Structures are given as C-alpha cells and as structure tokens.
Amino acid sequence: MDLALWITAGLLAAVFLIAGANKVFIPYEKLARAPGAGWVNDFSVRFVKGLGTVEILGAIGLVLPASVGIAPVLVPLAAVGLAIIMAGAAVVSFRRGETLHALLNLIYLAMALFVAWGRFGPESFG
C-alpha cells in the first residue's frame with residue numbers, strides 16, 4: 001500500500017508540476033489558444049497564474065514533506081487541496097461540454113483522494 005501511495009503521489013506531483021508551470025510561465029494569450037485550454041478564456045489572468053502557483057505548491061506538498069521527514073502531515077493536506085481543485089476543474093469542463101477533460105479531471109480527483117485517504121489513514125506517516 002505504501003508503495004502504491006508513493007507512486008500515485010509521484011505521478012500526481014509530476015502532472016501538477018507540469019500543469020502549474022504551464023499556467024505560470026506560458027503567456028495567457030498563448031495558453032488560451034492551446035488545445036483543450038479554452039477554459040482559460042473564462043477566467044482572469046490573475047486567477048490562472050494563481051491557480052498555477054497553487055498547483056506547483058500542491059505538487060511539492062505531495063512529495064517533499066514526507067521525503068525529508070519534516071511535517072509529513074502536509075502530504076494528505078496537499079492531496080485534499082488538489083482534489084478540491086480537480087473537483088472544480090471537472091465542473092468547469094462539464095459545463096463547457098468537454099466530457100473527456102472532465103473525466104480526466106475526475107481520474108486525478110480519485111488519485112488525490114486515494115493519497116489523502118491512505119496518508120490520513122492506514123499508511124499515515126505518524
């Protein structure tokens with residue numbers, strides 16, 4: 001179970017690090033034209049950049065605290081935060097009629113909830 005949680009957290013961390021970096025470092029106008037990123041037009045530049053920053057911090061929070069042994073309780077908290085973001089992303093995708101993106105967001109949501117459940121419960125770092 002511990003290995004499955006580490007793998008899932010690592011995969012999520014990679015996904016959110018890449019997604020967050022794209023939102024932070026790619027210019028808003030270019031990001032809005034990217035395939036599958038039409039949702040960007042529904043939000044302000046500040047929101048998109050802020051979301052990217054939170055995703056990067058969440059990615060770091062999924063692996064770094066447990067890796068260095070400092071405040072490992074942050075791992076499930078980061079997973080819960082990212083799950084909330086994915087719930088919101090799924091709602092936005094469904095409203096825009098982007099069913100495949102919504103399903104992908106729900107998969108990431110399930111993965112984040114798995115990490116949160118596992119690290120709060122049976123495989124906690126405490």
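A salt bridge is a side-chain nitrogen of Lys or Arg within 4 Å of a carboxyl oxygen of Asp or Glu. The views below show a predicted model.

**View 1. Salt bridges, with a close-up of Lys23 and Glu55**. The whole structure holds 4 salt bridges. In one of them, the side chains of Lys23 and Glu55 meet, with 2.9 Å from N to O. Lys23 sits in helix α1, and Glu55 sits in helix α3. The pair therefore ties together parts that are 32 residues apart in sequence.

**View 2. The packing of α1 against α3**. Two packed helices are described by the angle between their axes and the distance between the axes. Here the angle is about 150°, and the axes of α1 and α3 lie 7 Å apart. Angles over 145 degrees count as roughly antiparallel, so α1 is roughly antiparallel to α3. The crossing of α1 past α3 is left-handed. Which classes of residue make the contact of α1 with α3? There are 17 nonpolar, 5 polar and 3 charged residues.

**View 3. The largest pocket**. Rolling a probe the size of a water molecule over the atoms shows where empty space is left. The volume of the largest pocket is about 720 Å³. Its lining has 27 residues. Closest to the pocket centre are Ala19, Lys23, Trp39, Glu55 and Asn105. Lys23 and Glu55 are also the salt-bridge partners of View 1.

**View 4. The lining of the largest pocket**. Which helices each supply at least two residues of this lining? They are α1 (2-25), α3 (45-68), α4 (74-95) and α5 (99-120). By class, the lining residues divide into 19 nonpolar, 6 polar and 2 charged.

Notes:
Residues are numbered from 1 along each chain as its sequence is written. This is a predicted model: local features need pLDDT of at least 70, side-chain atom pairs count only at pLDDT 80 or more; totals for chains, interfaces and linings use all residues. Side-chain values use heavy atoms; hydrogens and water are left out. On a 1 Å grid over the protein atoms alone, a cavity is a set of points where a 1.4 Å probe fits but cannot get out, and a pocket is an open set with protein on both sides within 12 Å along at least five of seven lines; lining residues have an atom within 4 Å of a point. Grid points are joined across faces, edges and corners, and a volume is the space filled by probe spheres set on the points. Helices (H or I, at least four residues) and strands (E, at least two) are DSSP runs, numbered from the N terminus. Ala, Val, Leu, Ile, Met, Phe, Trp, Tyr, Cys and Pro count as nonpolar, Asp, Glu, Lys and Arg as charged, and the others, Gly among them, as polar. Axes are lines fitted to C-alpha atoms, for helices over the stretch in contact, and angles run from 0 to 180 degrees between N-to-C directions. Angles under 35 degrees count as roughly parallel, over 145 as roughly antiparallel, 65 to 115 as roughly perpendicular and the rest as oblique. A crossing is left-handed if the near helix is turned anticlockwise from the far one by less than a right angle, and right-handed if clockwise.
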